[in-house]
Amino acid sequence: MKATFSHVTSNNHVFYHVEGDIPSGWYYLSFTYKGNYSVPIRLYWELNQAGTKQVWSEEIGLLDSRLANQHLFSCYLSPNLTKLQISLEFEEESPHELTITQVTPMLLDTFLSLAWSKKHQYFNVEWDGTNYLMNYRRYRACKLLENKRDLTPLLTAMRYDVPDEHACYLMQEKEPPLRLSDGPIVSIVIPVFDVNIRYLLEAVRSIQNQSYQAVDCIVVIHESIPDNLINRFTEEVNDQSLRIVIGSGIGTRASLINQGLSVIRGEYVLILQPDDRLAENGIAWLVQIEADVVYSHDAYINETGTFVNVYEKPVWSPELLLAHNYLGSGVMTSTNLLKRAGAFRAHYGQASDYDFYLRITEAAASIQRVDKYAYHKRLASDLCEWESDEIDQQGTVQLGKKALEEALVRRTLSGKVLIKDEASNLYAVRMNVPDQVKISILICTRDQAELLERCLVSIFEKTTYQHFEVLVVDNGSVENETAALFERWKQQESGRFRVIRDDQPFNFSALNNEAVKKSTGELIVLLNNDIEVRSPMWLENMAGYAIQEEIGAVGALLYYQSGHVQHAGAIFNDVAPIHSFYKGMLGDDAVSKLVQLQRNFLAVTGACLMVKRSLYEEVGGLDEAFESSYNDMHFCMELYARGKRNVLIPEAKLYHHESISRGRLQTIDKQEEWMRELGRFRSLWGYYFQKDPFVSSHTF
């Protein structure tokens, strides 16, 4: 294998064409690199998929300019590969030399040890004679910063004992000011009632110190605030461009915000709590994204302004917003959208921001997240208190429930809003299912009669939704107990139970694809034979979402028999898709509450997956090249690529006695099969292994 220079793109990425034929599989690629800058190295490949050329890519590592020895990276080369290129993603033109020195097949034992995974390695950054060990993500960030500036201000962020979130926050805080040459005016409204003036001054100064200059700051101070405090504030701020509005009427947050919104001049608007502040580049980060609604992560600070923790938000997740106000703070909205959707509605009290977000996101043409801590939210005992009225006596959770119920009406959706946690303002929305919707439940099995019996009993005896059929795909059963079980259930549920005999070699995808053709339901459920129903309303809870046009795959919250969580959505790390909150035990803590909220994911497990028949057929069913593993993940990604939203509905609770029937990687053949299928999956969706857009403070 040889790398030959190909071309340089307009953004200074240097491409090499890779020549030489090698069989498909997992490999180590060894490079020697000489250059002045550390640079990410990315593979690009073309695949011939059913006669269609597709281009995919994956960043496989970083070429470190300070390393004299060889660089070793792992990768998977697909059997459908027709063209392979390497890209060095320089930020500016840079002289260098690159040579592929060796291509080594990866052995099974090496693969299984996960030695190839960046997740389990530590990398060294040497600075001023001191070595700093850190994980790959932080190492990559430090090496790219090293190309451009002195790392001395970031030494705290490089320390091993500093958590990743804190290190990321510090690196962002130390970024040079972004001096954008032009852009839209952004109005920032700060409502003020009973506030700690020190916090208010910090908030305003964070606006004055913005690297982005086209800012229109409006401070709405309620008329009850004493003149001497207003005078002190204006003297200390000493800013002629600052606009102070004396608010009238009741001193609620919504009322004061609306008075500020009535005088804004900007094309965009952001609400800043009087206790909070913005990062120096906060507005610059937000305005670089063109969308009706742009939001960021939050960093939590204490009374002194010191970092405490972070709250990371996923990319736009409509189903999560129906469960709680995950947008919270740091949301910038276009003024045009504000005019269409309307301002804050005071009759929703402390839930007025939740109602506002529900309305603007309905009307928005585009909603984007900035992967930065633009907003700094304060945690303290002396935060701003708002004047209360009789509306607030209803309680925030009840007002939020009312806002959700009104949102369902506006969206012409039929459903019921349930309060999951009153203290935390958390909800579940159960969508109604028309009675005529038929659901086909497909179960692949081979013997294991006791296991299947438990599954079937739980379905027929516990499930409240009755308009369903069960199709058992018998893949070569030979035991008398299994045959007797089939006959008994055929007699017992003659109108809703069928057995399809399919003796082809085990291929989970092919078996289900054939079963779908013989099913009659509008909705399809793929169900493992080691599943046991726990919540009686599991089918309607899932079906209420699955029937919606925008929804792709719907997954359930799966438990082990011990009560530990087996699956709460799938998240992508740098190795493979994994189960969120895997083997965790749910309690009454904040993490457990977030895990049990409906929310969007890239994928959900096929152990219990519901999807419209029309969508199943549109994507061609499960890809039969994935015989055993990752067929469900690939299926979900195909739906996601078509613009569909995959969602976990935790109100659908089931037990999963994982892989009892087939075992799990118990033989060399199974391990090698898993290795191949993971490689193929990564070759198709490698981009998402670098950053899963739905990984956030709601996934664990």
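**Close-up views of a predicted model**

**View A. Helix α2 packs with helix α4 (residues 164-173) at an angle of about 20°, their axes lying 11 Å apart.** The structure is a predicted model. Two packed helices are described by the angle between their axes and the distance between the axes. Angles under 35 degrees count as roughly parallel, and α2 and α4 are therefore roughly parallel to each other. The crossing in which α2 passes α4 is left-handed.

**View B. A salt bridge joins Glu59 and Arg140, with 2.7 Å between the closest N and O atoms.** This pair connects distant parts of the chain: Glu59 belongs to strand β5 (residues 52-63) and Arg140 to helix α2 (residues 136-146), 81 residues apart. Glu59 is at 9% relative accessibility and therefore counts as buried, the cut-off for that class being under 20%. Arg140 has a relative accessible area of 25%, so this residue is partly exposed.

**View C. Arg345 and Glu406 meet through their side chains in a salt bridge of 2.5 Å, N to O.** Distant parts of the chain are linked here as well: Arg345 sits in the loop between α10 (335-341) and α11 (352-363), while Glu406 is in helix α12 (residues 396-410), 61 residues apart. Arg345 counts as partly exposed because its relative accessibility is 22%. Glu406, at 27% relative accessibility, also counts as partly exposed. Both residues belong to a network of salt bridges that links Arg345, Asp355, Arg359, Glu362, Glu406, Arg410 and Arg411. A search of the whole structure gives 45 salt bridges.

**View D. Lys490 and Glu487 form a salt bridge through their side chains (3.5 Å, N to O).** Helix α14 (residues 480-492) holds both Lys490 and Glu487, which are 3 residues apart, about one turn of the helix. With 33% relative accessibility, Lys490 counts as partly exposed. Glu487 counts as partly exposed too, at 42% relative accessibility.

**View E. A nonpolar patch on the surface is formed by Tyr122, Leu133 and Tyr160.** Together these residues have about 390 Å² of accessible area. Leu133 is part of strand β10. At 48% relative accessibility, Leu133 is classed as partly exposed, since the exposed class requires over 50%.

**View F. Asp128 has a positive phi, near 55°, in a residue other than glycine.** Asp128 is located in the loop between β9 (123-127) and β10 (130-134). Its relative accessibility is 72%, so Asp128 counts as exposed.

**View G. Tyr630 is not a glycine, yet its phi is positive, at about 65°.** The loop that contains Tyr630 runs between α18 (613-618) and α19 (631-641). Tyr630 has a relative accessible area of 10% and is therefore buried.

Methods. Residues numbered from 1 in each chain as written. Predicted model: local features only at pLDDT ≥ 70, side-chain atom pairs only at ≥ 80, totals over all residues. Heavy atoms only, no water. Helix = DSSP H or I, 4+ residues; strand = E, 2+ residues; numbered from the N terminus. Buried < 20%, exposed > 50% of the residue type's maximum accessible area, 1.4 Å probe, protein only. Patch = residues over 30% accessible without salt bridge, like charges linked within 9 Å, V, L, I, M, F, W, Y side chains within 5 Å. Areas by Shrake-Rupley, 256 points an atom, 1.4 Å probe, with all protein chains shown as cover. Salt bridge = Lys/Arg side-chain N within 4 Å of Asp/Glu carboxyl O. Axes fitted to C-alpha atoms, helices over the stretch in contact; angles between N-to-C directions. Parallel < 35°, antiparallel > 145°, perpendicular 65-115°, else oblique. Left-handed = near helix turned anticlockwise from the far one by under 90°.
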